[in-house]
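Biologist: I should like to go through this structure with you. Please show me the sequence and the model.

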Amino acid sequence: MADNFFNFHGRLRLIVQAGLGLSVLWLVVVALFFLLAGRGEGGALSVLPAIMIVIAVVAPIALVASAVVGLSMVEQAGEIRELRRALAARERSSEPRPAPDAAVKRLSQQLGEVTDRLAELETWLAARAETIERADQLLAGPPVAPAAKSGDDAAQEGAELGLDAPPGTGAAPLAPDMLVRALQFPADAQDQEGFDALRAALSDRRAAQIVIAAQDVLTLLSQDGLYMDDLQAERAPVALWRRFAQGERGAEFAVLGGIDDEEALDRCAARMREDTIFRDAVHHFLRLFDHRLTEIEPEATDPQIAAWTETRSARAFMLLGRAAGIFA
């Protein structure tokens with residue numbers, strides 16, 4: 001392309017030089033003509049009008065100039081066509097540019113998310129291991145009193161005082177009253193009745209499943225500052241809970257999700273969307289709570305059902321059930 005550029009300008013220079021040369025030559029011819037004509041008899045120039053003299057001198061120079069400009073434009077147009085063809089050929093023959101690194105960025109982002117999830121899982125597993133160790137101590141003997149805590153934090157964190165033990169092999173099924181007390185969890189380290197209920201629940205395989213699942217969600221909720229004693233729940237009729245336990249569903253059962261704290265519901269819904277560990281724990285708990293309520297409903301009295309629905313675990317069921325949409 002550089003060679004074509006220099007060739008173009010060389011040809012244009014030659015055209016201009018040729019035009020200038022012809023113009024100079026014509027002026028020389030005209031000058032000689034007038035010099036020779038002026039020496040003749042009578043003066044040949046006197047017979048020529050002045051305008052004819054101007055035309056005779058200027059017209060050929062103008063023609064030469066027009067020819068020079070015309071040839072220059074033809075050369076320029078040809079050069080432009082050559083440049084366009086050269087550019088088109090280069091675009092066709094050039095190698096394709098490498099694709100943007102969007103895939104690499106997306107992969108890096110996914111790896112970062114996986115790393116974050118693994119870190120959350122490690123934290124969760126570490127907490128579970130500590131809970132199992134505490135549960136072993138609890139089943140072996142009296143509970144060790146933890147550091148004193150006050151308010152609702154201590155009440156809900158009673159759910160973390162050693163519940164995640166492998167279920168025992170108790171012979172008799174756990175009585176409904178004892179299960180209800182276990183699902184309320186100890187109020188503090190001095191709540192001996194609450195710890196006795198926990199020991200009994202951990203010795204029953206069916207009861208241990210729901211108690212441990214409830215402990216998991218209460219612990220996760222406390223990480224967001226959500227404590228069940230802080231939440232006000234509307235009481236629903238026992239008859240409606242019995243129908244729910246028997247498998248009935250519909251809009252009339254929305255009252256069972258008796259917690260209307262919009263901020264708490266929004267927190268739970270957001271965490272369920274973003275945290276897979278939290279979402280899995282919630283679904284596991286909701287399923288076990290529903291199944292266990294279905295199992296005890298035929299033999300439980302109305303006061304026992306009412307007490308069941310007033311436990312901290314039941315409030316967690318109401319809150320998380322509404323956030324998950326099971327009462328719609």
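Biologist: Which residues does R242 touch, not counting residues up to four places away in sequence?

Modeller: This is a predicted model, in which local features need pLDDT of at least 70, side-chain atom pairs count only at pLDDT 80 or more, and totals for chains, interfaces and linings use all residues. Residues are numbered from 1 along each chain as its sequence is written, and side-chain values use heavy atoms, with hydrogens and water left out. Contact means heavy atoms within 4.5 Å. On that basis, R242 touches E297, A300, T301, D302 and I305.

Biologist: Is R242 buried or exposed?

Modeller: R242 lies in helix α8 (residues 238-245); helices are DSSP runs of H or I with at least four residues, numbered from the N terminus. Buried means under 20% relative accessible area, exposed over 50%, and partly exposed in between, with a 1.4 Å probe and protein chains only. The relative accessible area of R242 is 16%, so R242 is buried.

Biologist: How many Å apart are the end C-alpha atoms of helix α10 (residues 276-296)?

Modeller: The expected span of a helix is 1.5 Å times one less than its number of residues. For the 21 residues of α10 this gives 30 Å, and the end C-alpha atoms agree, being apart by 30 Å.

Biologist: Which word describes how α10 and α12 lie to each other?

Modeller: Axes are lines fitted to C-alpha atoms, for helices over the stretch in contact, and angles run from 0 to 180 degrees between N-to-C directions. Helices α10 and α12 (residues 312-324) pack at about 120 degrees. Angles under 35 degrees count as roughly parallel, over 145 as roughly antiparallel, 65 to 115 as roughly perpendicular and the rest as oblique. The two helices, α10 and α12, are therefore oblique.
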